[in-house]
Each structure stands twice: as structure tokens, then as C-alpha cells.
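I opened these notes to record what I looked up, one item at a time. The structure comes first.

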Amino acid sequence: MLNPRLLAFAAVSALAISLAAWLLLRDNRQSEIYAARVQLARGAGLRTALRNNRKGGVTLLQLVTRIGLAVLRSGMLSNRTIRELEQTLVVSGFRAESALGMFIGSKIVLLSVFGAVAFLALPSHLPSIFRDLLIFCAAVVGLISPDKIVQGIRSRYRKRLENGLADMLDMLVICAQAGLGLEAALARLAAEIQFAHPTIGQELSLTVGEMQVMADSRGALQRLGERTDLPGLRRVTTTLVQSVQYGTPLSEAMRRLAGEMRQEALTAFEERAARLSVYLTVPMVLCILPCVIIVAGGPAVIGLFKLLSR
């Protein structure tokens with residue numbers, strides 16, 4: 001016999017997905033009408049405008065994003081939680097406007113999907129408490145899996161930034177010694193480093209764009225450190241802000257900072273190399289030591305068996 005609570009959970013999940021799909025279809029239809037009006041204003045025919053705007057159908061990503069935006073508009077999440085989620089996504093490299101909605105929508109959808117799959121896959125002869133616990137665990141796994149995925153993407157993104165930081169400083173020193181100003185140096189650096197370190201190039205391009213828009217370039221530099229949330233890049237932006245504010249030589253400050261960061265990277269490599277002997281202990285005991293024992297003691301054991309078999 002099916003558990004009423006599980007049936008209620010499945011019904012609520014199906015109702016939520018159906019409601020989100022209906023909202024998506026309605027909003028998508030309104031978007032098509034608005035886009036068609038824009039094309040009519042530009043001189044296109046009515047049939048041509050409608051045909052052009054009906055080519056793109058409703059995708060799964062749009063559906064997930066609509067669900068997340070509906071949750072955001074409902075007020076279920078506090079402003080502090082929303083700001084923390086936005087900061088996490090920005091640090092991970094997700095800068096699109098729909099990133100937060102897609103993230104929250106994926107959590108809701110995976111929670112419902114994992115719970116529904118567990119509900120359908122688990123055999124009915126299991127005890128009710130054990131079955132409810134497994135379904136709850138599956139739903140929790142679906143809820144936290146986007147967080148783990150974003151956390152892994154964030155770690156890789158920060159690692160790519162760290163790998164290109166020393167090269168960025170060296171190239172910035174060269175640009176400063178060539179007589180370029182700070183904004184021109186960052187623009188040239190963003191274009192040149194794009195091939196070796198695309199992540200650094202993307203961040204610098206965004207910073208240069210903000211410097212061109214904002215009246216105070218120090219705000220754009222500070223936003224670079226806050227946006228990436230990387231200690232090394234925060235040091236770079238702090239040095240650049242001080243150079244702009246107090247008029248200190250940019251090339252000398254960058255040269256010293258590049259030397260310090262390369263020395264810190266070398267120290268970190270030495271620490272990892274020192275721990276290598278400890279990490280090799282377990283594989284050596286499990287793989288090499290048994291082979292040594294077999295080679296050294298094998299003939300003696302074979303001879304002992306021959307003596308006992310006589």
C-alpha cells in the first residue's frame with residue numbers, strides 16, 4: 001500500500017513543475033509578442049516577424065530558470081541569502097543575469113526529480129520509515145548537488161586565476177616601463193594575456209570596461225578584488241589603488257609584488273614536495289613491500305613446504 005505522505009510529495013512536485021511550465025509558456029508568449037512588435041516597428045512584415053520569433057521554443061534551461069526566478073520573486077529567500085548566492089556565483093565565473101535563477105531552479109528541480117526517482121525506484125515491500133528516509137536522503141542529495149558542482153567550478157576558476165597571476169604582473173611591469181598609463185596598460189594586458197590565461201584576460205577586460213564607465217578608477221580596481229575573492233589579486237588591486245592614489249611608481253611596485261608572489265609560489269611548491277615522502281608511504285607499503293616479501297621469503301617458504309611434504 002502506498003504511503004499517503006509520499007503521494008502528497010509526488011503530487012506537490014508535479015504541481016510545482018506544471019505551474020512553472022505554465023508561467024514559462026505565458027512569459028515566453030509575451031516575449032514573442034513584444035519581439036514581433038519590435039520587428040514590425042523596424043519595417044518587417046507581420047508573418048515574417050511571427051515566424052522569426054516562433055523559431056526558438058521553450059528549452060529545459062529556460063524552464064529551470066523560470067522556476068528559480070519564481071522562487072526569488074516569492075520572497076522565500078532573504079536578501080542576505082540572495083547576496084551570498086550571487087557572490088558565490090560571481091566568484092565562480094557565472095556573470096549572466098539568469099545565473100541565480102538557473103542555480104535556484106536547478107536545486108528545486110533536482111530535489112523533485114531525485115525524490116520522485118527514489119519514490120518510483122524503491123520497492124514497496126520496504127518498511128515505511130526506511131523508505132521515507134531513503135526518499136528524503138535522495139531529495140537532499142538533489143538539493144545540495146548544485147552547491148557541490150558550483151563549489152568545484154569555483155575552485156577550478158580560482159586555480160586558473162592563481163596560475164596566471166605571476167605572468168600578469170610581469171607583463172604589467174613591461175607595460176608600465178613602456179610608458180603606458182594604468183588603464184591603457186590593463187587594456188593591452190587583457191588583450192595579450194587572453195591566449196595564455198583566458199580567465200585573467202576576461203577579468204581584466206571587465207575591469208577596463210568598468211574603469212571607462214566609472215568616474216573613479218579605484219572603485220573598478222577594488223571591484224576586481226572583491227569579484228574574484230582571491231588574496232593574491234586583492235594584493236595586486238590594493239597596490240594599484242595605492243599607486244593611483246599616492247602617485248607611487250607603478251613598475252617598481254609591481255616588480256616587488258611579482259617577486260614576492262613568485263617566492264610564495266616557490267615556497268608552496270617546496271612544502272608540497274616535502275609532503276611527497278609521507279604520501280608515498282601508503283602506496284609503498286601496499287604495493288612494493290608485499291613484492292619484496294614474496295621475492296625474499298618465497299624460496300624459503302617453498303623449501304619448507306618441500307621438507308614437510310616428504
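Helix H10. I checked the length of H10, residues 231-246, in this predicted model. At 1.5 Å a residue its 16 residues should span 22 Å, and the end C-alpha atoms are 22 Å apart, so the helix agrees with expectation. I then listed the buried residues of H10: Gly232, Leu233, Val236, Thr237, Thr239, Leu240, Val241 and Ser243. What covers them? I found that the cover includes helix H6 (128-177), helix H7 (182-192), helix H9 (217-228) and helix H11 (250-274). Just after H10, I noted a positive phi of about 75° at Gly247.

Helix H4. I repeated the length check on H4, residues 79-91. Its 13 residues reach 18 Å from first to last C-alpha, close to the 18 Å expected at 1.5 Å a residue. The buried residues here are Ile82, Leu89 and Val91. H4 is followed by Gly93, and I read a positive phi there too, near 100°.

Salt bridges. How many salt bridges does the whole structure hold? My search found 8.

An α-helix has 3.6 residues a turn, so residues three or four places apart point the same way. Arg80 counts as exposed because its relative accessible area is 60%, while Glu84 is partly exposed at 45%.

Arg188 is partly exposed, with a relative accessible area of 47%, and Glu192 is partly exposed at 40%.

Are Arg227 and Glu203 buried or exposed? I found both buried. Salt bridges with shared partners join Glu203, Glu210, Arg223 and Arg227 into one network.

Cysteines. I counted 0 disulfides in the structure. For Cys287, the nearest cysteine sulfur is that of Cys291, 7.7 Å away. A disulfide needs the two sulfur atoms within 2.5 Å, and Cys287 is in none. Cys291 is in no disulfide either. I put Cys291 down as partly exposed because its relative accessibility is 46%.

Surface. Which residues make the nonpolar surface patch of about 750 Å²? I listed Val282, Met284, Val285, Leu286, Ile288, Leu289, Val292 and Ile293. Val285 lies in helix H13, residues 281-309, and is partly exposed, with a relative accessible area of 42%.

Whole chain. I closed with the totals. The secondary structure comes to 13 helices and 0 strands. Of the 310 residues in the chain, 31% are buried. Among contacts between residues at least 6 apart in sequence, 64% join residues at least 24 apart.

Technical notes: Residues are numbered from 1 along each chain as its sequence is written. This is a predicted model: local features need pLDDT of at least 70, side-chain atom pairs count only at pLDDT 80 or more; totals for chains, interfaces and linings use all residues. Side-chain values use heavy atoms; hydrogens and water are left out. Helices (H or I, at least four residues) and strands (E, at least two) are DSSP runs, numbered from the N terminus. The expected span of a helix is 1.5 Å times one less than its number of residues. Buried means under 20% relative accessible area, exposed over 50%, partly exposed in between (1.4 Å probe, protein chains only). Contact means heavy atoms within 4.5 Å. Patches are made of residues with over 30% relative accessible area and no salt bridge: like charges are joined within 9 Å, nonpolar side chains (Val, Leu, Ile, Met, Phe, Trp, Tyr) within 5 Å. Accessible areas come from the Shrake-Rupley method with a 1.4 Å probe; for residues, only the protein chains shown count as cover. A salt bridge is a side-chain nitrogen of Lys or Arg within 4 Å of a carboxyl oxygen of Asp or Glu.
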